[in-house]
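Dear colleague,

Please find the structure below for your records.

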Amino acid sequence: MSALSTLAGFVVGHAANDLVAGNLIQFDDNGCWSWFQDERAIVDVAAGKLLVGGLANIAGSGGPPRDGDVGAELFDFSTGRSQMFVLKDALISYGAGDDHNTAAFLIRPDGRTLAMYAGHNTDFYSYYRIFDGNAWSAEQRYDWRTKPGGTDTTTTYSNLFYLSAENRTYNFARQNHKSPNSMISSDMGNTWIYGGQLTRNANVGYVNGYLKYWSNGVDRIDFTSTEYHPRDFNTSIYHGYIRNGQSFKSDGTLVDANILDTLNVPTPLDFTPIFT
């Protein structure tokens, strides 16, 4: 945090200067994001456009009227012009201005773009909209309380991936038991059902692991995970991957034969330690 604060102070102190060796392009004059949702920016090669997400804060440009707005900035490489879309106006229940609430994006096989966003421990929903290249659809939402047996945790984060070998779209969020859970779609994100719980832990402190994901878009989703929040626990980092609805250690050793359930859920320690 101190490094970020120092950097922020440097940038603010030199706001009048162009700090890059080239032409600086500003996509959003009031946007922040947290590291634990992806993808936060995507390039649509077919359309020649860049889509960047951001969450506006009361201290930024535009002040209180923009506080908590979930934004999507579309930049056209051919024209150099940008267009800002507000996916969701701030809600009081959102904890407006919170970087956790920014959107994750996914370009679907049909060329449309899916955006998913959630509050920061404020409600039980994952919200989503679909972009056809010109306009965004009406907002829809998935209620995590429809999970069999319900849920004991409100929702934070969005991580979207499509696996062509499965014809399945995944969204991973911090949800039941303060742990990573998935919702899945077989129609490219138009509708969703509950998937399963990826890992578990013994509820020490604030959260049961921070996860970062990556996918090849075909048949595999990799993830790294801590055990808990580093302020509550001296965390390590573990690696595993998902394939064919199962999870594995780095070397291919099977860990969970069915990630799309809540039975025999592994802990981060069951995967491969990469930093201890």
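**Salt bridges**

The count comes to 10 salt bridges, where a salt bridge is a side-chain nitrogen of Lys or Arg within 4 Å of a carboxyl oxygen of Asp or Glu. The model is predicted: local features need pLDDT of at least 70, side-chain atom pairs count only at pLDDT 80 or more, and totals for chains, interfaces and linings use all residues. Residues are numbered from 1 along each chain as its sequence is written, and side-chain values use heavy atoms, with hydrogens and water left out.

One of the pairs is Arg66 with Asp29, whose closest N and O atoms are 2.6 Å apart. Arg66 lies in the loop between β2 (49–55) and β3 (70–76) and Asp29 in the loop between α1 (2–13) and β1 (41–44), so the pair ties together parts 37 residues apart in sequence. Helices (H or I, at least four residues) and strands (E, at least two) are DSSP runs, numbered from the N terminus. Arg66 is partly exposed at 22% relative accessible area, and Asp29 is partly exposed at 40%; buried means under 20%, exposed over 50%, and partly exposed in between (1.4 Å probe, protein chains only). Shared partners join Asp28, Asp29 and Arg66 into one network of salt bridges.

In a further pair, Glu139 and Lys88 have their closest N and O atoms 2.8 Å apart. Glu139 is in the loop between β7 (125–131) and β8 (140–143), while Lys88 is in strand β4 (residues 82–88), so this contact ties together parts 51 residues apart in sequence. Glu139 is partly exposed at 32%, whereas Lys88 is buried at 9%.

Kind regards
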